[in-house]
Amino acid sequence: MKKILLFTLVSLFAIFVATSCTKDCKKCKSVTTSNADGSVQQEGTSSEYCDTALDSKESEEPVNDGSTTTKWVCE
């Protein structure tokens with residue numbers, strides 16, 4: 001009985017550890033749009049960002065430069 005309980009606890013712990021170590025990753029690129037009509041003026045190349053770097057890109061405020069706005073788009 002003790003072996004079954006110990007095996008169950010170890011299995012649950014292993015499942016918890018395996019699922020908690022997964023990285024949160026997305027591909028992000030900078031996109032510049034026209035403020036006049038919203039059309040895309042320029043797109044950067046996609047790069048993969050994970051965890052803290054991804055949070056940084058997603059929380060960056062758009063940059064308004066007169067007639068255009070540049071922001072990060074992550075998918």
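This report walks through the fold, strand pairing, side-chain pairs and selected residues of a predicted model.

## Overall fold

The protein contains 2 helices and 5 strands. Read from the N terminus, the order of elements is α-β-β-β-α-β-β.

Of the 75 residues in the protein, 16% are buried. The exposed surface comes to about 6100 Å². Carbon and sulfur atoms supply 58% of that surface. Contacts also reach along the chain. Taking contacts between residues at least 6 apart in sequence, 52% join residues at least 24 apart.

Strand β1 covers residues 25-34, and strand β2 covers residues 40-43. The two run antiparallel and are joined by 3 bridges. Within this pairing, T32 stands opposite Q42 of β2.

β1 and β2 form a hairpin, with 5 residues between them. The turn includes G38, which has a positive phi of about 80 degrees.

## S34 in strand β1

S34 belongs to strand β1. Is S34 buried or exposed? At 13% relative accessibility, S34 counts as buried, because the cut-off for buried is under 20%.

The S34 side chain makes a polar contact with the side chain of D37, at 3.3 Å. Setting aside neighbours within four places in sequence, S34 is in contact with S39, Q41 and S67.

## Salt bridges

How many salt bridges does a search of the whole structure find? There are 2. Side chains of opposite charge can pair when their charged atoms come close.

E43 forms a salt bridge with K29, and here the closest N and O atoms are 2.9 Å apart. E43 lies in strand β2 and K29 in strand β1, so the pair ties together parts that are 14 residues apart in sequence. Which end of this pair is buried, and which is partly exposed? K29 is buried, with a relative accessible area of 18%. E43 is partly exposed, at 46% relative accessibility.

## The aromatic pair

The structure holds 1 aromatic pair. Its members are Y49 and W72, with ring centres 6.1 Å apart. Why is the pair edge-to-face? The ring planes stand at 75 degrees, and planes over 60 degrees apart count as edge-to-face.

Y49 lies in strand β3 (residues 47-50), and W72 lies in strand β5 (residues 68-74). The pair therefore ties together parts that are 23 residues apart in sequence. W72 is partly exposed, with a relative accessible area of 27%.

## S47 in strand β3

S47 is found in strand β3. At 32% relative accessibility, S47 counts as partly exposed.

What does S47 touch, not counting residues up to four places away in sequence? The partners are K26, K27 and C28. S47 and S30 are 17 residues apart along the chain, and their C-alpha atoms are separated by 9.8 Å.

## D51 in helix α2

D51 is part of helix α2. D51 is not a glycine, although it has a positive phi of about 50 degrees. With a relative accessible area of 34%, D51 is partly exposed.

## Links in brief

β1 pairs with β2 through 3 bridges. K29 of β1 is tied to E43 of β2. S34 of β1 has S67 among its contacts.

Conventions: Residues are numbered from 1 along each chain as its sequence is written. This is a predicted model: local features need pLDDT of at least 70, side-chain atom pairs count only at pLDDT 80 or more; totals for chains, interfaces and linings use all residues. Side-chain values use heavy atoms; hydrogens and water are left out. Helices (H or I, at least four residues) and strands (E, at least two) are DSSP runs, numbered from the N terminus. Buried means under 20% relative accessible area, exposed over 50%, partly exposed in between (1.4 Å probe, protein chains only). Contact means heavy atoms within 4.5 Å. Accessible areas come from the Shrake-Rupley method with a 1.4 Å probe; for residues, only the protein chains shown count as cover. Two strands pair if DSSP finds at least two bridges between them. Rings of Phe, Tyr and Trp (its six-membered ring) pair if their centres lie within 6.5 Å; planes under 30 degrees apart count as stacked, over 60 as edge-to-face and the rest as tilted. A salt bridge is a side-chain nitrogen of Lys or Arg within 4 Å of a carboxyl oxygen of Asp or Glu. A polar contact is a pair of N or O atoms within 3.5 Å; within protein, one must be able to donate a hydrogen and the other to accept it, and residues adjacent in sequence count only if both atoms are side-chain atoms.
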